[in-house]
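Here are my notes on the model you sent over. Have it open while you read.

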Amino acid sequence: MASVIWDDDLSPDRFRDLTRTYFDARSVAYNSPFHQRLADDLLRHYPPPKTAGDVLDVAAGTGAVALSVAATLAARVASGGADPGAGPVGRVVAYDLSPGMLAVAAASAREAGLDHLLTTMQGTAEGLPGLPDAAFDALYCCSSLAYFVNVPAAVASWARVLRPGGFAAYQSFSADSFVSGVAMAAAARRVLGDAAGRRVFSLPLESTADPSTCVALLTAAGFERVAVVEEDLTRRVEVATLAAAYGEGLSANSFCTRLNELDPSTRAAVQAAYVAEVEARRGADGCVEDVQRSFNVVGYKPMQ
Ligand SMILES: C[S@@+](CC[C@H](N)C(=O)[O-])C[C@H]1O[C@@H](n2cnc3c(N)ncnc32)[C@H](O)[C@@H]1O
């Protein structure tokens, strides 16, 4: 099972710091059709509540989900679907570790004239400090769980901040997704041996490994009526594209911390083994299958 192994070298606090630094640096160039697609799928399967409501986007990044929700609230007011005289239509809080990502979200909200509906807040997903109990009607978390240092603690805090009857909806990928990660994990094990290889690199997707694990994650935190919709985004990728991903240089992604810290000759051996792993998967079309099973999961906080 793939998960980050914590020790004195890579503690949860250090990993979170590295994750924040990574996303701060990536923030301005982060937005992409891929991430927008994931957010759009999640919202299509689980739209915000029809009645006025307060919505939290956990690990909101540049606000792919939060901005769409704010636009939905604004459209409701504009079409008379919500009566401004009856009280606030709701608000959206975009919550994230990275001030850089949140700054992009806030700028986009201003540009779209949605800043009266969307606020940003910096903090850690594990515990959601600064957010009161039972304050939100819906909560989204898109494309982020793999970065959390304690996924069950994060999900427990979703239950804390939701009002009874509210829902949490998240998107994540299966454990066999992303061939670049699967091949790099295999390469690290091949060069370093099983235990050391696992310690050096894995994509931490074990808490959403398959649909039943996704359901168990929410059920363990007390959510009910848990459901999963799978979107198969599997594609074929050119070998050259994959080889470039880790073969030529390594990523600054926090997942790659221990890879980046290997001595140069061991790192080069792992990179060469990665390219060999990718080559071994080459099909007749010169491409490799890149499994991407995207899970869209929802659960409701019990009324009492
Ligand atoms: C891949 S981005 C996804 C952003 C956005 N939800 C989207 O769908 O585009 C992952 C986000 O998770 C945030 N993140 C990672 N670990 C976090 C943590 N422990 N607490 C809060 N945010 C975290 C990062 O700062 C980053 O903005």
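The points below cover the ligand site, a helix pair and a few loop residues.

1. Ground rules. This is a predicted model, where local features need pLDDT of at least 70, side-chain atom pairs count only at pLDDT 80 or more, and totals for chains, interfaces and linings use all residues. Residues are numbered from 1 along each chain as its sequence is written, and side-chain values use heavy atoms, with hydrogens and water left out.

2. The ligand shell. The ligand is surrounded by 20 residues, counting a residue as near if one of its heavy atoms lies within 4 Å. Y30, A59, D96, A125 and C142 are the closest. By class the shell splits into 10 nonpolar, 7 polar and 3 charged residues (Ala, Val, Leu, Ile, Met, Phe, Trp, Tyr, Cys and Pro are nonpolar, Asp, Glu, Lys and Arg charged, the others, Gly among them, polar). Helix α1 (residues 12-26) gives the largest share, 3 residues; helices (H or I, at least four residues) and strands (E, at least two) are DSSP runs numbered from the N terminus.

3. A backbone N or O atom of A59 sits 2.7 Å from a ligand nitrogen, and a polar side-chain atom of E126 is 3.1 Å from a nitrogen of the ligand. For S144, a polar side-chain atom is 3.5 Å from a ligand oxygen. Taken alone, the ligand exposes 590 Å², and the protein buries 99% of that (Shrake-Rupley, 1.4 Å probe; for residues, only the protein chains shown count as cover).

4. A59 again. Have a look at its backbone: phi is positive, about 55°, although A59 is not a glycine. A59 belongs to the loop between β1 (55-58) and α3 (64-78). Its relative accessible area is 15%, so A59 is buried (under 20%; exposed is over 50%, partly exposed in between, with a 1.4 Å probe and protein chains only).

5. A134, for comparison. Here too phi is positive in a residue other than glycine, near 45°. A134 is in the loop between β3 (118-122) and β4 (136-142), and counts as partly exposed because its relative accessibility is 36%.

6. S27. This residue lies in the loop between α1 and α2 (33-45). Is S27 buried or exposed? At 5% relative accessibility, S27 counts as buried. A polar atom of its side chain is 2.9 Å from the backbone oxygen of D24.

Methods:
Polar contact = N/O pair within 3.5 Å; in protein donor to acceptor, adjacent residues only side chain to side chain.
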